[in-house]
Amino acid sequence: MKAMGFTSTAPVEESPLQLMEVPVPVPRPGHVLVKIAACGICLTDRHQIEGDLPQKYSPTIPGHQIIGRVAGIGEGASKFKVGDRVGIVWIYSACGTCAYCQRGNENLCDSARFTGWDVPGGYAEYVVVDQGFAYLIPDRFSDSQAAPLLCAGVIGYRSLRLSGVQPGQTIGLYGFGASAHIVLQVARYWGCRVYAFDRKESARKLAETLGADWTGSIEARPPRKLDAAITFAPSEDVVLWALEALDKGQRLVLNAIAMAARQEKPFSYPQQLWYEKEVKSVANVTRQDVLKFLPLAAEIPIMPEFREFPLQEANTALNLLKQGKIAGAAVLKVA
Ligand SMILES: [Zn+2]
Ligand SMILES: [Zn+2]
């Protein structure tokens, strides 16, 4: 099968992904083989490709927002039948027995493995997955609409829940990309006021089109203090801007797997943390998040903005994303 993989990490400007021919994987007992239709591109893919996250096998095939159809069934797997449309997300497996797994926090499991990082992912024609970590996709979404829901959407949803925001309250979204543009749609559905912060005018425009109540640049002072905030931009400076805009006693959630060190903004305890402000990071995602989010996304319905690229053009898509030239999500259309 064809895949876009990398053997060593490099800036995406150097086009590190190469088109390669690799064997179609064989599903082990309890697993299914999935013929991939679409795979969303996530910022985490770039962190992997550029070496912000360690490379764990080579060649690495990234991609963890996978939509495809079951094409083969391993021994003892009975959850799906051939032809079912399923999604595969960032969490690929967890031990199931540790204290974290026992309490439903498999996202924190020390032995958890992640799609595209620990095992081959969705920049390819086929992938295998444990049937317990694959999910039926609601009919109302096309393949390319559904793909960005699987990380940008699901992890955004987890962040939104953990922010504790209530109907009628104001939430600030910092960095208005693939994830924030989905979170906005959920927050508005819940009756929240949404403020969107982004350096790029095109991103602020998209936020306005989707119904943001106010938009501003990342360091802008919003018209009222925030009852909750989420940062999506992988920058410590942005964390401090967001804390300054946050009201007393409220929570900031950090949605980022890696973060660039502070360059511009000094830390000020009285301005940024005093008065019982809280900071919480979001790590990965659980199966429960996926199972709760997908029906909600269909009910709202969330309509992700996306731009499609052929699999072979993954380098181009990653470069355009890095330059901020894609509003919403980028999706590799595989079949
Ligand atoms: Zn992701
Ligand atoms: Zn575990």
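The model is predicted: local features need pLDDT of at least 70, side-chain atom pairs count only at pLDDT 80 or more, and totals for chains, interfaces and linings use all residues. Residues are numbered from 1 along each chain as its sequence is written, while chains are lettered from A and ligands numbered from 1 in the order in which they are written.

**The chain as a whole**

The chain holds 10 helices and 17 strands; these are DSSP runs numbered from the N terminus, with helices (H or I) of at least four residues and strands (E) of at least two. Its radius of gyration is 19 Å, close to the 20 Å that the globule rule gives for 335 residues, so the chain is as compact as a globular protein of that length. The radius is taken over C-alpha atoms, and the globule rule is 2.2 Å times the number of residues to the power 0.38. The C-alpha trace spans about 60 × 40 × 35 Å along its principal axes.

Of the 335 residues, 50% are buried. A residue is buried if 20 or more other C-beta atoms lie within 10 Å of its own, exposed if 12 or fewer, and partly exposed in between, with C-beta atoms placed from the backbone. Among contacts with a separation of 6 or more, 71% are between residues 24 or more positions apart; two residues are in contact if their C-beta atoms, placed from the backbone, lie within 7 Å.

**The six-stranded sheet**

Six strands form an open sheet in the order β12-β11-β10-β13-β14-β15, with parallel pairing. The edges are β12 (214-216) and β15 (278-281), each with a single partner strand, so one side of each has no neighbour in the sheet. Neighbouring strands are turned by 20° against each other on average, direction ignored; the axes are lines fitted to C-alpha atoms, and angles run from 0 to 180 degrees between N-to-C directions. Strand β11 (residues 193-197) is joined to β12 by three bridges, and strands count as paired if DSSP finds at least two bridges between them. A196 stands opposite T215 in β12.

Helix α4 (residues 152-163) has 12 residues, which at 1.5 Å a residue should span 16 Å, and its end C-alpha atoms are 16 Å apart, which agrees. The expected span is 1.5 Å times one less than the number of residues. Because 10 of its 12 residues are buried, α4 is largely enclosed by the rest of the structure. Just after α4, G164 has a positive phi of about 75°.

In helix α10 (residues 314-322), the buried residues are A314, N315, A317, L318 and L321. Seen down the axis, they fall within an arc of 165°, so they line one face of α10; the arc is that of the directions from the helix axis to the C-beta atoms. They pack against several elements, including β1 (2-5), α1 (43-49) and β17 (329-333).

Most residues other than glycine have a negative phi, and most peptide bonds are trans. The table lists exceptions.

| Site | Angle | Loop |
|---|---|---|
| S58 to P59, cis | omega near -10° | P59: between α1 and β4 (66-73) |
| I300 to P301, cis | omega about -20° | P301: between α9 (287-299) and β16 |
| S15 | phi about 50° | between β1 and β2 (18-21) |

S15 is partly exposed, with 14 other C-beta atoms within 10 Å, whereas Y275 counts as exposed, with 12 C-beta neighbours inside 10 Å.
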